[in-house]
Structure formats: structure tokens, C-alpha cells
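Subject: Handing over the two-chain model

Dear colleague,

I am passing on the structure below, and after it you will find notes on what came out of going through it. Please read them with the structure open beside you.

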Amino acid sequence: MNSLILRVATRYLAGILLIFSVYMLLRGHNEPGGGFIGGLVGATGFVLYALACGTSMAREALRIQPQTLAMIGLGIALVAGLFSIVFSDALFTGQWLFIGATDDDKGYPLSTILVFDIGVYLVVLGSILTIVFAMEEEI
Amino acid sequence: MGQATTDGPATNGIWGWLPVLIPLAIFGWSFSFLGPISNGEVLRFSSDWVPSLGISLSFLVDGLSLTFTLLISGIGALVLLYSNTYLAGHPQYGRFSLYLVSFMLAMLGLVLSDNLISLFVFWELTTITSYLLIGFDNESAKSRRSALQALLLTGAGALALLAGLILLGVTAGTFEISVILAKGDEIRAHALYLPILILILAGAFTKSAQVPFHFWLPNAMAAPTPVSAFLHSATMVKAGVYLMARMHPAFSGTEVWMWTLTIFGATTAVFASFLALRQNDLKQALAYTTLMALGTLTMFLGSDTGYAITAFITFLIVHSLYKAALFLIVGCIDHETGTRRADILGGLGRAMPITAAAAALSAMSMAGFPPFLGFIGKELKYAGAIAVTSEPFFVAGAALLANSLMLAVAGVVAFKPFWRTTGEPLPKTPHEAPWPMLAGPVILAALGAVLGIAPGLIQNTLITPTVDAMLGAPPTEAKELKLWAGVNIPLFLSIATFVLGLALYAVHPTLRNILARLDDMTPSFDRGWDRILDGLKALAGWQTRLIQSGVLRRYMFIIFATFVAVIGATLYLRTDLPTSFEIEPLAAKQWAVIILMIAGTLVTVATRSRITAIASLGVVGITVALVFIMYGAPDVAITQLLVETLIVVLVAVAMLRLPFLDRRGESDHRPLDALLAIGVGTVTTITMLLVLEQPLDLRLTEYFEATSWPEAFGRNIVNVILVDFRALDTFGEIAVVVIAALSAYALLRTTAKEAGK
């Protein structure tokens, strides 16, 4: 698609979508969002970019192959799930760490749940882009 | 056979020797059971496997299983020792010994199992490992065909067996064999006795190659000779015989059991003996004599007299000893001369004296000359045959004919190649085989002689415990093994056998030609099998072409039509259609969404422009997202919205580049599609209404609401379920997503490559 307006707008829009996708990912545990939705938003950003500027540009912007990204995501999710073995819990049991917790305040929570969700995010992003890029290029 | 290679390194190193130690250790260990077993004890070992299904890994050591264990491990050790030289320097020797040892362990598991299900698992393991062994020479099409034939035939039998074993287990209320065997009367009187019997015998007859399932066994001779010696003497083919013997206490004593086993066994024995004499290839001749032995064993299992069962177990031991020895000897001949053809081999006695001696001993045992164990076995066979109360003449006649032919074949295989002078040149100058290849034949042949002279060695340790295990004790019904049992009918029958056998041997070249002509005239089971397979392939091709047309629209039609038919029929037959349903009064914004949804649908259906159809389909998707928002599911709504957007992009990318199809000359499919669409919509709506009539079970919802924050530290319940409560499910789902993406990628790349891009 050769439209100047779309190309210029996309340059900003794609970036905003990507930032928004990370925001959706991080807030997902308490507000609407999460890895699935975040991954979808991120994918929309790249798909938009690919439509406006061509797949080769979008591939360059992604820097690594989308299928590799999906595999990495799957690996991260698996590691997050296996992590509970160290604490002899059942597989995929969330492990939590509350930084600076006091009696009144839980502090800053970190968990393997977030790591798992990041894995989901990367899988969704990578898988969709794998298909979209391939279709754009091959058909 | 091309496996025997003398090129390259002459040994297989430590991996050639190490596998020999495994069966040797088991053989030695089994000896420790001889004491308790000869005292009449029965040992059981058990540990749970799948306790919820009543499946356990339990093992039973009694006379029958111990006899098999000793034969399997003993012959296994000798065969592995032999193979290490026979296949010296073979590039895939490691694979070979792995298969062979795996097979042996599976076989041991089979004969020691005390649970129907674990017995079946080991049974199938022997099927698979023997497939690998028969097809070991995988570059030869003949090997591959034979291996596949054995696999399919015994595998099909095994399916019947599985059904039979499950029926038996359900009927008896337990899967433990030792418990089932004690309930023999109950099982024989049960209404399901006949189906169980037929199914189990189907498994046993295919495995033990009874006519008409016999043809895979001679073909399986495509395997390297040590494999034939192992699989087709003491082990694999005897698995079926073992099963029948194991089930003997539960099944025997009925008319149908007796007649089925007697007729199948006798037919196999006589039929195979004639065909054995027809063969020119020594190994093929031995293969058919194995069939004869299996037939004889089956025939004796039909009876439940002490004589018949004593004859059964004695002949089982005799046959394993001489048949393994003879197979190994034929391997030696093949290895040292380069041929196995009976009509050109001759004069090997001078060049291979030890082989010749071992062959002579084995053959005499096979032919049933005194003082070998084979003689005792044959005398017992006749005694057992006469003791078969219903049809002594039939059984004795079959045994007499089979034994005489056996004597003639023994002469052809083990006497003629060594002692006749011949002018035919051999491919290689014969010389004596190396000692590891002689150890097996010599030890096995010597055992046949030693046990013949001193049958007391196995009388109390193996024979009596086995007979007791099968017929019950005390008092024992086992008969004594005696070289000289006095002047009686069996002795006369023996003499008749010698006369008839020697006469047959004298005329065997003529007889071979006549038999060959007869055999060629009769329809061949082997070719019949090929025809069945061809028919099966044609059927598969036909139904594939019918169902998988390659037209996407037709696939979709079939899928949705099946949905309508299956769900619709179930709704019609199983439920009362919803009679009344309430609809809440709708607000204006809800009406707006519904109208938008319907409008989008109508435009999608009516338009002839692809881009309009895609866009209006997107409208429908977005209105669905709006519905989610109205009913308070923001997560689902967002996901729906995003997925809808991406789908529109994807479909647009794909659809807009498709060529417009030329529809001239093709009937309009739209009316039919419309009908189907209405059907799917109706069925779905009715299903939804029925679901809504059920009271909503809120237990899970309440649980998640209550625990999401205190236990999982998250307020967004949907997300907490996804990444915490049901993280394992989510992991499975994202794995599927990745696989789907990679498959789509691979498909797209392949079509692109085929298009020449």
C-alpha cells in the first residue's frame, strides 16, 4: 500500500501501539490486559507497519525472526513453570517475591507469573507475525 | 544372505561381548528358582502399575514359566555369542544386539507376567522387536516385506487378543492370571466363554503361525540366521503356544477347545511337514519343520490328560534344543560355504567335522532316534496321542505322518550336506566355523543326548512342575520320562515311524518334485495376502479421494454438515426442545448493536464484492465485542476486538490476491450453502437455549472470586486464571499457537517454492 499519510502516521502509531502493548502486559494482573492481549496489540503495531512500509522494513524493525521470537516465548513460559520445582511445588505454581515488604505494605511484588505472562506475550506476537509476514510475502 | 561379512574389523569389540552377559546372568539367576519350583512352590512378585484399572506388574514363576525362562535366556546367550562372530564387523551390530536383547527381555516379561494387561504389553513388545529383527537387513525389499507381513498379521491377531483378554478380565473380575486360572469352571460355564476363546485363540494362532496364518513364518526367514534360530525355535513363535498353555487350566476340557486345537494343530503339523520336504533351501525347510512342531504342540494342548501334557512340555524342550542347534548349524554352513541349497551341498563332513557331529546329534534327536531326548519325546507323543480319548486314531495318525516326514527332513538338512559326495562346486571352500559359532550347536546338541540318557535331570525340576501347573496337583499327573518303556503301542508306532521315514528319505528327490508341482498348483496364501493388502490400499485410496477433494469449500461444507447432523440428531432424539424462553427487555443501545450485527451479516451474505464482504464481516465481529463490553467482560472484549482486526487484515491479504474463479458451467452452490448456514444457526441457537435452561453452577466462579486476590495476588480474575490457576493449560495452548504458526509458515513456504518463486 503506497500512501504517504499512512506511512507517516504509522511511524508514530506503531511505536505507540508497542508501548501500549507492554503497558497492557504489565497491568494485566489487576486490570484488563495481560500477555495475550498485549501480544495481540503488539502484533497489530507490526502488522500496521508491514502494511504501510512493506514486510522487509517490518522484519528489519523486529530484528529477529518472528518464529524465533515465538520459540523463545515458549521457552520462557516453560522455564517460569518449571521454576516451582526448585521450591518443590506442583508444576506451574506461581512463586512470589515481595521487595521491601513491611507489615502494612506488601512492597513491590515480583513473580514467576509475570515471567510466564511475558512468555505468552512473545508467543502471541511471534506466532501472528510469522503467519502475517509469510502471507504478505508469499501470496 | 549378505549379512555375513568378513571385510572390515573382525570383531564388534566390547559391545559384541557385553550383550552376551545379560542373558547369561538371567540364565544363572533362573537356576536359583529350580529348587523351590521342584518342591512344588509357586513364586509371585507384584507391584502396582495402574492400580485404578487393576493393572499391576506382577510376575509368576511356576514350572511352565521357568521352563520358558531357561530356554529363552539360555538359547539367547548362545545366539548372541554366535551372532557376534556371524555378524562380525557388521556396521549395525550395536543396533542388532540391542534389538535382540530387547526382544529377549520382552519375551521373558511375557512368559513371567501374572497380569493379563502386562502380558499383552510384553506380547506387543515382542511383535515390535521381532519386526525390527526380521527387517534388520532393511535395504532388501524382501526383508521389509516379510517384516511388515509378520507385523501386520501378528499385530492383527494381537488386537483380537487384547479384546479377548479384556473380556476375560471383566468376566473373571480380575486381571491377575493366577486368580483367573483358579476360576476355570466359572469361566467355562460363562456365556462369554466362546467369544473369549475365539479372540484369544486368534491371537495365539497368528503368533504361533497355525494354518491358515502360517505363511508369515517361512517369509520371516529373511532375517539373519541367528535371529531365526532365536525367534523361530524357542521364543517368539512359541509365545502363542505359551499363551494357550498358560490359559489351559481356565479353558481346556470343553468340546470346542479340544476340537479347535486338535484340528488346527494336526492340520498345521501334517501340512507343514509336506511343505518342509518340498523346500530346497535348508533354512526354509527348517522353517516348515518349526510349523510342524507348533502344530504338534497345539494339538497336544487340546487334550488334558497327563500323557498329552507331559508330551507337550517334553517335546517343547526337545524341539527348542534341536531346532535352535540346527538353525545355527545352517548358519554355519551358509557362513562357510556361501550357500544353503540342499541340492548342491555335499561332502562337508570332512571339512567341518565338529559342525557335522553337532548336526548329526541334533538331527537324531529331531528324527527321534534313541537314546536322544527326541526319542522320549516321540514315545510320549504317541502315548499322549493314544490317550486322547475322543479321536486317538486321528491324532496318532497325524503324529505318525508328521514324525516320519520329520525324520526325512532331518536327513535332508543335517545328514546329506555333510556325508554325501557331490560334484557341484561351492561358492566358497568350506572350512570349520570359529568356536563362538560352534559353541551353540555343540552345547544344544549335547544337551539333547545327555537329557535323553538321563531324563531324571529335568523330570522333577521342569517337567513335573509344568504339568502340575497346567493340570493341578497333587496328585501329580506327570508321566515319567523313560528311554525304555517296555514293549507297547508307542514302541510299535516308533518303529513304523523309522521305516516310513527312511522310505520317505530314500525317495525324497522325487517326492520334492511332486510336492513342488502340487504346491505351485494350489492357490498360495502368500499371494492371497498380497491381494488383501492391495485391496486395502485401493480402498484407502478410494475413500481418501472421496473425502479429501482438495476443495476448501467442500471441506467446510462437510464439517458444518456433520455438525448439524450430529448435534441436530442428538437434540432431536435425546432432549425435549425448549418450549418457552424469556427475553429480558432490551435497552436502546442493545437494540442498536443487534441491528448492526444483523445488517453486517446480511451485507456479507448478499454482496458480490470480496472487500465489502470482509469489511462487513469485521463489523459483525466488532458488534460481538460490544456485546462482551455490555455484559462486563472487558478482557474478552479487547481480545475479540484485536483478533477481529487481525483477521480482517489477514483475510484481506489472502482474499484480495486470490484469482477470481471462473464459475461458468458450475452449478450455483449458494442456495445449498444458505440452507446449511440456516441449519448451523438453528442448531446452535437451540443448544444455547437448552444450556441456559440449566441452572448455572457458580462454584468455580465463587472459588476464583474468593481466592484470586488472597492467594494469587491478582484482581483481574480472567488473567489470574490464565497465568496462575490454569497456567499448565495456557502453556499447552501457547504451544499449540506456536505449532500452528510454524505449520502455516511451512505450508506457505512450500507452496511458494512449488510455484517457482
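Residues are numbered from 1 along each chain as its sequence is written, and chains are lettered from A and ligands numbered from 1 in the order in which they are written.

On confidence, the model scores ipTM 0.91 and pTM 0.72. Chain B has a mean pLDDT of 85, with 95% of its residues at 70 or more, where pLDDT is the predictor's confidence in each residue, from 0 to 100. Residues 1-9 of chain B are a place for caution, since pLDDT stays under 50 there and the model has 15 contacts beyond four places in sequence for them; two residues are in contact if their C-beta atoms, placed from the backbone, lie within 7 Å. Where pLDDT is low, the predicted coordinates should not be read in detail.

Chain A

The C-alpha atoms of chain A fill a box of roughly 60 × 30 × 20 Å along the principal axes, and 43% of its 139 residues are buried. Here a residue is buried if 20 or more other C-beta atoms lie within 10 Å of its own, exposed if 12 or fewer, and partly exposed in between, with C-beta atoms placed from the backbone. Among contacts in chain A between residues at least 6 apart in sequence, 64% join residues at least 24 apart.

The unreviewed UniProt entry places a "domain: Na+/H+ antiporter MnhB subunit-related protein" at residues 5-129 of chain A, and in the model that span is 68% helix and 6% strand, with its end C-alpha atoms 23 Å apart. The UniProt entry, again unreviewed, also lists residues 12-29, 35-57, 69-92 and 112-135 of chain A as "transmembrane region"; UniProt positions are given in the numbering used here, feature names are shortened, and annotations may be inferred rather than shown by experiment. Of these spans, residues 35-57 are 96% helix and 0% strand, with end C-alpha atoms 25 Å apart, whereas residues 112-135 are 100% helix and 0% strand, with end C-alpha atoms 35 Å apart.

A:Ile5 sits in helix H1 (residues 4-27) of chain A, and it counts as exposed because it has 8 C-beta neighbours inside 10 Å. Its C-alpha atom is 9.3 Å from that of A:Ala52, 47 residues apart along the chain.

Chain B

Chain B has 31 helices and two strands, and its C-alpha trace spans about 110 × 65 × 50 Å along its principal axes. Of the 757 residues of chain B, 45% count as buried.

B:Tyr242 lies in helix H11 (residues 238-251) of chain B and counts as buried because it has 24 C-beta neighbours inside 10 Å. Leaving aside neighbours within four places in sequence, B:Tyr242 is in contact with B:Phe68 and B:Val111.

Cores and contact between the chains

A nonpolar core is a set of buried Ala, Val, Leu, Ile, Met, Phe, Trp, Tyr and Cys residues joined through C-beta atoms within 7 Å. The largest has 192 residues, and those with the most contacts inside it include B:Met107, B:Leu133 and B:Phe312; helix H14 (residues 306-337) of chain B supplies the largest share of this core, 21 residues. Apart from it lies another core of 56 residues, among them A:Phe92, A:Phe116, A:Val124 and B:Leu626.

Where the chains meet, the contact takes 38 residues from chain B and 42 residues from chain A. On the side of chain B that touches chain A, H31(B) gives the most, with 15 residues.

With best wishes

Terms used. Predicted model: local features only at pLDDT ≥ 70, side-chain atom pairs only at ≥ 80, totals over all residues. Helix = DSSP H or I, 4+ residues; strand = E, 2+ residues; numbered from the N terminus.
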